[in-house]
Amino acid sequence: MLAVYDWLVLGLVCRWVWRCPRSTMLAHYNAQVGARHLDLGPGTGWFLDKCRFPTATPSITLLDLSDAVLATAAKRIERYRPVVRIGDVFEPLDLGAAQFDSVGMNLLLHCLPGSIREKAAVFDNVTPHLRAGARIFGSTILGIDDRHNAVSAALQGRLNRRNSFGNSADRIEDIAGELEARFAEVRIARSGVVCLFSARHPRGAAPAH
Ligand SMILES: C[S@@+](CC[C@H](N)C(=O)[O-])C[C@H]1O[C@@H](n2cnc3c(N)ncnc32)[C@H](O)[C@@H]1O
């Protein structure tokens with residue numbers, strides 16, 4: 001799957017089925033990513049490879065359940081010498097005292113099982129690792145949204161039945177509510193059936209870019 005992910009999922013399915021081109025998600029990265037960045041569920045590392053960091057020498061940590069994902073993403077961005085950590089975003093993150101300017105979770109939440117309230121454990125688990133003013137951001141495919149059409153609804157139903165997705169009850173209002181309960185400057189946008197979100201740690205000013 002990793003071998004075809006970039007063109008099949010990011011290139012075709014995101015644009016034509018979910019109706020959020022990867023260029024839109026890349027622009028979201030470019031607007032949010034910081035010099036010390038933690039990426040949860042980096043996949044193939046396409047966004048980390050293409051995005052513009054605010055420094056030529058960013059410090060990047062990758063965290064994922066999968067060894068294969070971490071090896072693929074780390075190889076792709078080896079020029080940045082990323083730190084890799086195996087981990088489950090539902091558990092406290094094994095990152096010691098590391099603190100980040102930004103935490104990305106692109107196309108992650110819809111893969112996780114449970115309600116949005118349960119998935120918000122991810123927000124709680126990253127909070128100890130946010131510097132004052134740090135940003136968290138990402139995107140996720142909505143399960144319940146009036147922009148679903150026959151094609152997107154059929155694919156999303158199939159992926160939920162196979163447990164590849166766990167988003168059948170995910171609504172944009174609930175994502176906004178969980179972010180607003182924890183963070184400042186919550187911004188939510190929609191492209192097709194994809195929710196793009198960002199928020200800032202409530203303590204302190206945003207780190208300088
Ligand atoms: C759909 S991919 C998104 C990849 C990448 N962020 C992107 O936008 O192209 C979801 C990623 O989340 C990881 N993942 C899924 N469940 C996870 C969990 N509970 N903890 C950590 N990583 C998880 C998967 O291994 C995969 O790398």
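Which residues of helix 2 (residues 22–32) are buried? In this predicted model, local features require a pLDDT of at least 70 and side-chain atom pairs count only at pLDDT 80 or more, whereas totals for chains, interfaces and linings use all residues. Residues are numbered from 1 along each chain as its sequence is written.

The buried residues of helix 2 are Met25, His28, Tyr29 and Gln32; a residue is buried if 20 or more other C-beta atoms, placed from the backbone, lie within 10 Å of its own. Helices (H or I, at least four residues) and strands (E, at least two) are DSSP runs, numbered from the N terminus. These four residues lie on the same side of helix 2 because they cover an arc of only 100° around the axis, the arc being that of the directions from the helix axis to the C-beta atoms. An α-helix has 3.6 residues a turn, so residues three or four places apart point the same way. The buried residues of helix 2 pack against helix 3 (46–50), strand 4 (100–106), strand 5 (130–141) and strand 7 (194–200), contact being defined by C-beta atoms, placed from the backbone, within 7 Å.

The chain contains eight helices and seven strands, and 42% of its 209 residues count as buried. Residues up to four places away in sequence not being counted, Ile136 touches Val103, Phe123, Val126, Phe183 and Ala199.

Technical notes: Buried ≥ 20, exposed ≤ 12 C-beta atoms within 10 Å, placed from the backbone. Contact = placed C-beta atoms within 7 Å.
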